[in-house]
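Me: Please go through the secondary-structure packing of this model with me, one question at a time.

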Amino acid sequence: MSLPLHLRNIHLPLGDQRTGRLYGKDVLSVAQFTRDDLEYIFGVAEAMRNMVAHIGTFDLLKGKILVNLFYEPSTRTSSSFAAAMERLGGSVIQINDVKYSSVAKGESLPDTIRTLESYADVTVLRHPETGSAAIAAQYGRKPIINAGDGTGEHPTQALLDLFTIREELGTIDGLTVTMLGDLKYGRTVHSLAKLLTLFEVRLNYVSPGILRMPAALVAQLEAKGRRQAQYDSLEPVMAETDVLYVTRVQKERFEDLNEYEAVKGAFVITPEIMQQLRPKMALMHPLPRVGEIAPEVDNDPRAAYFRQMEYGLYVRMALLAMVLGKA
Ligand code: CP
């Protein structure tokens, strides 16, 4: 592809670099990334952002095909991966509702993966069972990208969350990150907390008692020397919080819906709460929100959640390009 002159100072390695660190690999867990990897991914994501702003769509992955296989509902992850592939000139096989696929006839995950990857180059998988992406990777020959496996992980969300913190606050080291809401079932907070162990951050967990961060994960982070504290209320940590990461209470994960009803409205971020937070901080949410952040907060410059979902496009473009050996 030949770039117009005014774009030639945008650094985007367009060559075919098949020795790249993610080339041909699965993206299953944040545990696979080093700090060095993150710097590289974020550099490519910045370049993707520039390219989208200036030329929109380009042919880096022309001829490549992505399978977007979603066993659970999604708006952002599914459409941003599809948009990422199309912005890079590739094509998408979209399976958003598996009840219209042979899964409804009882086909196993390994067979579905084997089938779809025979038509494509990379598979993005969302599935309700923890560990399903790793199982898919065991049977698949081509890269699998975990787009959320039950209450386990959502590694590409954590990457875009970190990219957001860096874009919004200019640094990650030295920050206090407060996670609020459903920390038991929220896979986004599980992945983000693990990924943040690569940085010098302090973590606060604010949740109702029945939705605490899993003890095993807290112990894992403690073994890495990370400072963590748990609270029932946001008030004690408002003044020290640089990033407030709000999550939805995950109704679909509760066995007893009475328990969900008891905690669903436990925390709501309002303009009054925003007034008590730091003037320079970032309010984040992986979205969708179902009442945890009042719409009146949306125009606050610290409300980063809509920018956060846009950053997801650039990070996912970077991942696809790297996994397919083009960045
Ligand atoms: N953040 C996130 O995973 O959103 P979706 O469920 O819409 O993909």
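The questions below cover the sheet, the helices on it and the helix pairs.

Me: What should I know about the model before reading the values?
Reply: This is a predicted model, in which local features need pLDDT of at least 70 and side-chain atom pairs count only at pLDDT 80 or more, while totals for chains, interfaces and linings use all residues. Side-chain values use heavy atoms, with hydrogens and water left out, and residues are numbered from 1 along each chain as its sequence is written.

Me: What is the strand order of the open sheet of 4 strands?
Reply: Helices (H or I, at least four residues) and strands (E, at least two) are DSSP runs, numbered from the N terminus. Two strands pair if DSSP finds at least two bridges between them. The pairing in this sheet is parallel, and the order is S2-S1-S3-S4.

Me: Which strands stand at the edges?
Reply: An edge strand here has a single partner strand, so one side of it is left without a neighbour in the sheet. The strands in that position are S2 (91-95) and S4 (144-149).

Me: How many bridges join S3 and S4?
Reply: Strand S1 (residues 65-70) is joined to S2 by 5 bridges, with Ile 65 partnered by Ser 91 of S2. S1 and S3 also pair over 5 bridges, and there Asn 68 stands opposite Val 124 of S3. On the S4 side, Val 124 has Ile 145 as its bridge partner. S3 and S4 pair in the parallel sense, and the number of bridges is 4.

Me: At what angle does helix H4 (residues 132-139) run to S4?
Reply: Angles run from 0 to 180 degrees between N-to-C directions, with axes as lines fitted to C-alpha atoms, for helices over the stretch in contact. H4 lies across S3 and S4. Its angle to S4 is about 160 degrees.

Me: How many residues of helix H6 (residues 187-195) are buried?
Reply: The buried residues of H6 include Arg 187, His 190 and Leu 195. H6 is largely enclosed by the rest of the structure, because the buried count is 8 of the 9 residues.

Me: How are H6 and helix H7 (residues 215-223) oriented to each other?
Reply: Their axes come within 10 Å and cross at roughly 10 degrees. Angles under 35 degrees count as roughly parallel, over 145 as roughly antiparallel, 65 to 115 as roughly perpendicular and the rest as oblique. H6 and H7 are therefore roughly parallel.

Me: Which residues of H7 meet H6?
Reply: Contact means heavy atoms within 4.5 Å. From H6, the residues taking part are His 190, Ala 193 and Lys 194. Those they meet in H7 are Leu 217, Gln 220 and Leu 221.

Me: How are helix H1 (residues 35-55) and helix H10 (residues 305-323) oriented to each other?
Reply: The axes of H1 and H10 come within 8 Å and cross at roughly 115 degrees. The contact includes Val 44 and Met 48 of H1 and Tyr 314 and Ala 318 of H10. H1 and H10 are therefore roughly perpendicular.

Terms used:
Buried means under 20% relative accessible area, exposed over 50%, partly exposed in between (1.4 Å probe, protein chains only).
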